[in-house]
Amino acid sequence: MRLNQVTVTMPDLDAGWNFYCALGLKPVVDARPRYARFVCPDGDSTFSLHQGEGGGGGTTVYFECEKLDELVGSLSEAGLCFVSGPEDKSWLWREAELFDPGGNRIILYFAGSNRTDPPWRVDKVDRPT
């Protein structure tokens, strides 16, 4: 199984379009004002926006970035406002946080091998028998 896409809801797809293009996602479908879809710049995962009033609702989306600090610097210079970061977290990821125009929480991060292989990974932990 492979993840194809994540879809978030937001009221203004034009604002979402501008935001995700600024993050570096590449548009593949433009059916605004109801729908827009992007491909991530690395790999083949896609991300889409659906028009609706229920944006934000506890959604958090993580995008991994090899050169996190450089990207956050250039995005800040381009006018995107970060809530925090980049900063090292106790779970061994380096993260920066911002919100898209629909109120969805976006985390840009770098985890390296800790993304899928942290020291506390289930199959590494000695479990009582």
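1. Leaving aside neighbours within four places in sequence, Leu98 touches Phe19, Leu80, Cys81, Phe82, Val83, Asn104, Arg105, Ile106 and Leu108; contact here means heavy atoms within 4.5 Å. Leu98 sits in strand β7, residues 94-99. Strands (E, at least two residues) and helices (H or I, at least four) are DSSP runs, numbered from the N terminus. One of the contacts, Phe82, is 16 residues away along the chain, and its C-alpha atom is separated from that of Leu98 by 4.5 Å.

2. The relative accessible area of Leu98 is 0%, so this residue counts as buried. The classes are buried (under 20% relative accessible area), exposed (over 50%) and partly exposed (in between), with a 1.4 Å probe and protein chains only.

3. The model is predicted: local features need pLDDT of at least 70 and side-chain atom pairs count only at pLDDT 80 or more, while totals for chains, interfaces and linings use all residues. Residues are numbered from 1 along each chain as its sequence is written, and side-chain values use heavy atoms, with hydrogens and water left out.

4. Most residues other than glycine have a negative phi, and most peptide bonds are trans. Arg32 and Pro33 are joined by a cis peptide bond with omega of about 20°; Pro33 is in the loop between β2 (26-31) and β3 (35-39). Another cis peptide bond links Gly85 to Pro86, with omega of about 0°, and Pro86 belongs to strand β6, residues 82-88.

5. Leu92 is not a glycine, yet its phi is positive, at about 75°. The residue lies in the loop between β6 and β7. Its relative accessibility is 40%, so Leu92 is classed as partly exposed.

6. Along the principal axes, the C-alpha atoms fill a box of roughly 55 × 35 × 25 Å. Of contacts between residues at least 6 apart in sequence, 51% join residues at least 24 apart.

7. The protein chain has 129 residues, and 33% of them count as buried. Its accessible surface is about 7,800 Å², with 51% belonging to carbon and sulfur atoms; areas come from the Shrake-Rupley method with a 1.4 Å probe, and for residues only the protein chains shown count as cover.

8. There are 13 positive and 19 negative side chains, and the centres of the two sets lie 5 Å apart. Lys and Arg count as positive and Asp and Glu as negative, with His and the chain ends not counted; each charge is placed at NZ of Lys, CZ of Arg, CG of Asp or CD of Glu.
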